[in-house]
Each structure stands twice: as structure tokens, then as C-alpha cells.
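Colleague: I have a few minutes before the group call and would like to go through this one with you. Could you put it up on the screen?

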Amino acid sequence: MKFEDALKRLEDIVEQLESGELELEESIKVFEEGIRLAVFCQQELEKADGKIQQLLKNLDGELELVDFEESV
């Protein structure tokens, strides 16, 4: 599943739960699905964060890879 698809489904689930139109059993099923999707999205964001790097010039003018968080 793509991150964007999971996030869209999670948004749909929030709307369903906030509407108050679902019966209790269906609300529980949808809530459980939402939790799984939230965990998936969090894991995907953590993976992406680990991959983000930025090229910066060091003092000698050479380019080097630096973790994004270090350059901010």
C-alpha cells in the first residue's frame, strides 16, 4: 500500500467515525483499521526521515552528504 492511499483511507475513517452514523460493531472495526493504518503511516514517515539527506559544501568547497536534521 502506498503512503498516500493509506493516509486517504485514514482520513475517510476519521470522517466516518466523526459522523456518528456507524453502529457500534462497525465503529470498532473501522477504528481498528484506522489504528493499523496510523501505525503503517508512522513507519513510512520514519523510513522517509531516515533517507532525507542534503548536499552541503564543506569548508574545502567539496560536496558532502549530511543528514537533513543536522543541516537545519
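Modeller: One cut-off before we start: buried stands for a relative accessible area under 20%, exposed for over 50%, and partly exposed for what falls in between. Glu33, at 24% relative accessibility, therefore counts as partly exposed. Please keep in mind that this is a predicted model.

Colleague: What follows helix 1?

Modeller: Gly20 comes after helix 1, and its phi is positive, near 75°.

Colleague: Which residues of helix 1 are buried?

Modeller: Ala6, Leu10 and Ile13 are buried in helix 1. They cover an arc of only 60° around the axis, so they sit on the same side of the helix. Glu4, Glu15 and Glu18, on the other side of helix 1, are exposed.

Colleague: Which residues make up the largest nonpolar core?

Modeller: That core has 6 residues in all, namely Ala6, Leu10, Ile13, Val30, Leu37 and Cys41. Helix 1 and helix 2 each supply at least two residues of this core.

Colleague: What does Ala6 touch, leaving aside its neighbours within four places in sequence?

Modeller: With those neighbours left aside, Ala6 is in contact with Met1, Leu37, Phe40 and Cys41.

Colleague: Switching to charges. How many salt bridges does the structure hold?

Modeller: There are 3 salt bridges in the structure. As background, side chains of opposite charge can pair when their charged atoms come close. One of the salt bridges joins Arg9 to Glu33, at 3.0 Å from N to O. Arg9 lies in helix 1 and Glu33 in helix 2 (residues 24-51), so this pair ties together parts that are 24 residues apart in sequence. Arg9 is partly exposed, with a relative accessible area of 25%.

Colleague: What does Asp12 pair with?

Modeller: Asp12 forms a salt bridge with Lys8, and the closest N and O atoms are 3.0 Å apart. The two residues are 4 residues apart in helix 1, so about one helical turn separates them. Both count as partly exposed, Asp12 with a relative accessible area of 26% and Lys8 with one of 46%.

Colleague: And how far apart are the closest N and O atoms of Glu44 and Lys47?

Modeller: Those atoms are 2.9 Å apart in the salt bridge between Glu44 and Lys47. Because these residues are 3 residues apart in helix 2, they are separated by about one helical turn. Glu44 is partly exposed at a relative accessible area of 24%, and Lys47 is partly exposed too, at 48% relative accessibility.

Colleague: Is Ser27 buried or exposed?

Modeller: Ser27, in helix 2, has a relative accessible area of 19%, so it counts as buried. Apart from its neighbours within four places in sequence, Ser27 is in contact with Leu17 and Leu22.

Colleague: Last one, on the protein as a whole: what share of the residues counts as buried?

Modeller: Of the 72 residues, 12% count as buried. As for the contacts with a separation of 6 or more, 35% are between residues 24 or more positions apart.

How values were computed. Residues are numbered from 1 along each chain as its sequence is written. This is a predicted model: local features need pLDDT of at least 70, side-chain atom pairs count only at pLDDT 80 or more; totals for chains, interfaces and linings use all residues. Side-chain values use heavy atoms; hydrogens and water are left out. Buried means under 20% relative accessible area, exposed over 50%, partly exposed in between (1.4 Å probe, protein chains only). The arc is that of the directions from the helix axis to the C-beta atoms. A salt bridge is a side-chain nitrogen of Lys or Arg within 4 Å of a carboxyl oxygen of Asp or Glu. A nonpolar core is a set of buried Ala, Val, Leu, Ile, Met, Phe, Trp, Tyr and Cys residues joined through side-chain atoms within 4.5 Å. Contact means heavy atoms within 4.5 Å.
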